[in-house]
Amino acid sequence: MPSYDYDIGIIGGGAAGLTVASGAAQLGAKTLLVEKEKALGGDCLHYGCVPSKTLIRTAQVYHLMKNSRAFGLPALETPPVDFQEVKQRIQSVIDTIQKHDSDERFCSLGAKVEFGEPVFRDEHSVRLNGATVSAKNWVIATGSSPSIPATQGLDQTPYITNKEIFSLDHLPNSMIILGAGPIAIEMAQAFCRLGTKVTVVQRSGQILTKEDKDMADEIMKVLSSEGVAFLLNASVLHVKDLGSEKEIVLKDGEGKSVSLKAEKILVAMGRDANVQALALEGIGVDFDRKGIRVDDRMRTTQKHIYAAGDITGAYQFTHAAGYEGGIVVSNAIFRLPRKTNYTFLPWCTYTDPELASVGMNEKRAREAGIDYSVWTEPFKRNDRSLAEGEEVGKIKLLLDKSEKPLGVQILGPQAGELLSEWVAVLNAKVKLSTLAAAVHPYPTLGEINKRVAGTLLSQKIFSDRIRKGLKFFFNLKGRACG
């Protein structure tokens, strides 16, 4: 049998790579973890989830300060934001979490951590820092990077992406955001709340295009009321560096030429898988511009080489990467043919209000040709929501013809937290009657989950047929008023 230096080698120290490394090492596999950056944690820790949510929280608090009178408090004179202070808070949160993702911790688990840029020499070995290292199995988890459009003049104009936005030396006076996906919309609201004049430029006629239009439009309405400007159905013609300002010339939805100027341009137009520089084409691993092709066991076209996380181009969420890492451990270490199932994979956009989803929304159900019904419950009928000063949003429950859940979308306060109950319900195939009968504490936002399930059942319970039956058997006398 061939002899290898390691049982498993992992390229990439983000969510997927760390999950595999931790699991494999603790199970007794001789494990190598390779990361090209100077610290483990990946984009999520350093340039994505963690810094963005920290910034969003800071902006939310500042927004509450400016709107103190809405809560019966005196109006406050809010001083301008010192972004250096904001940046320090963001870094302190990153540093705290970094301790959990340190190379020392993974060494204590039994994994060898190396920093460098590996290149595949053959299907079992890589060149790393001048040496050849081999492994019986490899996992490619190199993540993704911001996608940069080939817009005329952009390559000659300074711009920022999610990699630079959290380390700015000052709060920009103005910002143009190219794109209207989750990163773009979250940053639009956060920077607007901190005091930046923000304009969002979107190619299509809807922000958050993967979401249902009614939910996305409600978020756009909220952001517009806070001062964010939107240009939809717009195509960027060219970009120019004017020194202290940058100019974007675009064609709007009516075909008119529009010139926009701002201090900063944030490019947030999707992500590209980091497939370059690995020499995959030389070892028979198939990939395209979206990412590496994998089967439902996360195996590439070389069955002993796996790929997980953003690199596959499928579900670019940290929690999806962690889930896929677990699938890899099951197959590569336990040798169990465990397959992925994304039917009820949740996701959330952390605007205020948040928009969280699990399973199918209306858009996906229509594309799949599925007949469905929609059941809703607004937050303005939730007592806790009113007490919190939150009236925007609703929950949508999609059912198929058999009245089985297809998916849930929640637009409202703490939607991401509220969705967790549905993640458990849907994955465990809990009956809606069980959810409706479960006692929820009052007053809580979580009651909205019980209410929407109860709405479906109440139409059956309080039907004419039931009323007539009760009247026949028990001689009920009917309405007492009206």
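This report describes selected local features of the structure shown above.

The model is predicted: local features require pLDDT of at least 70 and side-chain atom pairs count only at pLDDT 80 or more, whereas totals for chains, interfaces and linings use all residues. Residues are numbered from 1 along each chain as its sequence is written, and side-chain values use heavy atoms, with hydrogens and water left out.

**Helix α11 and its surroundings**

Helices (H or I, at least four residues) and strands (E, at least two) are DSSP runs numbered from the N terminus. Helix α11 covers residues 415-427, a run of 13 residues. From the first C-alpha to the last, α11 reaches 18 Å, close to the 18 Å expected at 1.5 Å a residue; the expected span is 1.5 Å times one less than the number of residues. The residues of α11 that are buried (under 20% relative accessible area, with exposed over 50% and partly exposed in between; 1.4 Å probe, protein chains only) are Ala415, Leu418, Leu419, Trp422, Val425 and Leu426. These buried residues pack against strands β17 (346-349), β18 (354-359), β20 (394-399) and β21 (405-412), and against helices α12 (432-437) and α13 (447-461). After α11 comes Lys429, which has a positive phi near 55°.

**Ala16**

Ala16 belongs to helix α1 (residues 15-26) and is buried, with a relative accessible area of 5%. Apart from neighbours within four places in sequence, Ala16 is in contact with Ala141, Ala308, Gly309, Ala321 and Gly325, contact being heavy atoms within 4.5 Å. Ala16 and Gly42 lie 26 residues apart in sequence, and their C-alpha atoms are 9.3 Å apart in space.

**Salt bridges**

The structure holds 21 salt bridges, each defined as a side-chain nitrogen of Lys or Arg within 4 Å of a carboxyl oxygen of Asp or Glu. Three of them are listed here.

| Pair | N to O distance |
|---|---|
| Arg271 and Asp43 | 2.6 Å |
| Asp217 and Lys213 | 2.6 Å |
| Asp295 and Lys303 | 3.8 Å |

Arg271 and Asp43 meet in a salt bridge; because Arg271 lies in strand β15 (residues 271-273) and Asp43 in helix α2 (residues 42-47), the pair ties together parts that are 228 residues apart in sequence. Arg271 is partly exposed at 21% relative accessible area, and Asp43 is partly exposed at 22%.

Asp217 and Lys213 are 4 residues apart in helix α7 (residues 213-226), so about one helical turn separates them. Asp217 is partly exposed, at 26% relative accessibility, as is Lys213, at 44%. Salt bridges that share partners also join Asp212, Asp214, Glu362, Arg366, Lys394 and Lys396 into one network.

Lys251 has Ser257 in β13 as its bridge partner. The hairpin has 5 residues between the strands, and Gly255 takes a positive phi near 85°.

**Nonpolar surface patch**

Ile466, Leu470, Phe472, Phe473, Phe474 and Leu476 form a nonpolar patch on the surface, with about 680 Å² of accessible area together. Patches are made of residues with over 30% relative accessible area and no salt bridge, like charges being joined within 9 Å and nonpolar side chains (Val, Leu, Ile, Met, Phe, Trp, Tyr) within 5 Å. Accessible areas come from the Shrake-Rupley method with a 1.4 Å probe; for residues, only the protein chains shown count as cover. Leu476 is placed in the segment after α14 (464-474) and is partly exposed, with a relative accessible area of 44%.

Note on methods. Two strands pair if DSSP finds at least two bridges between them.
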